[in-house]
Amino acid sequence: MTATRLVFDAAAALAILFASVMVVHRHPVKSVLALVVSFFALAVAYVLLSAPLIAAVQVIVYAGA
């Protein structure tokens, strides 16, 4: 297994984990912070899939708002 695959798997697991944390928490601030972490993990996955434009849009539009 290559390092790129390990980073991709870690980013995917992080995105899934923090998306579930976002759904479970009742406190809105914790939910929003978990959502932002999930968006950044998705952006890392997009970069590793050779889609840097989608990663930039993900960070600027969703996590930046």
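pLDDT is the predictor's confidence in each residue, on a scale from 0 to 100. Keep that in mind here, since this is a predicted model.

**Exercise 1. Confidence**

Find the mean pLDDT of the protein chain, and say in which helix confidence is lowest and in which it is highest.

*Solution.* Then go helix by helix. Helix α3 (residues 52-63) has the lowest confidence, with a mean of 87, while α1 has the highest, at 95.

**Exercise 2. Overall layout**

Work out how many helices and strands the protein chain has, and what box its C-alpha atoms fill.

*Solution.* Counting elements gives three helices and zero strands. Read from the N terminus, their order is α-α-α. Along the principal axes, the C-alpha atoms take up a box of roughly 40 × 25 × 10 Å.

**Exercise 3. Packing of α1 and α2**

Decide how α1 and α2 are oriented to each other, and which classes of residue make up their contact.

*Solution.* First, the geometry: α1 (residues 3-24) and α2 (residues 28-48) pack at about 155°, and their axes are 8 Å apart. Next, apply the cut-off: angles over 145 degrees count as roughly antiparallel, so α1 and α2 are roughly antiparallel. Their crossing is left-handed. Now look at the contact itself. On the α1 side, the residues include V7, F8, L14 and F18; on the α2 side, they include L35, L42, V44 and L48. By class, this contact has 17 nonpolar, three polar and no charged residues.

Terms used. Residues are numbered from 1 along each chain as its sequence is written. This is a predicted model: local features need pLDDT of at least 70, side-chain atom pairs count only at pLDDT 80 or more; totals for chains, interfaces and linings use all residues. Side-chain values use heavy atoms; hydrogens and water are left out. Axes are lines fitted to C-alpha atoms, for helices over the stretch in contact, and angles run from 0 to 180 degrees between N-to-C directions. Helices (H or I, at least four residues) and strands (E, at least two) are DSSP runs, numbered from the N terminus. Angles under 35 degrees count as roughly parallel, over 145 as roughly antiparallel, 65 to 115 as roughly perpendicular and the rest as oblique. A crossing is left-handed if the near helix is turned anticlockwise from the far one by less than a right angle, and right-handed if clockwise. Contact means heavy atoms within 4.5 Å. Ala, Val, Leu, Ile, Met, Phe, Trp, Tyr, Cys and Pro count as nonpolar, Asp, Glu, Lys and Arg as charged, and the others, Gly among them, as polar.
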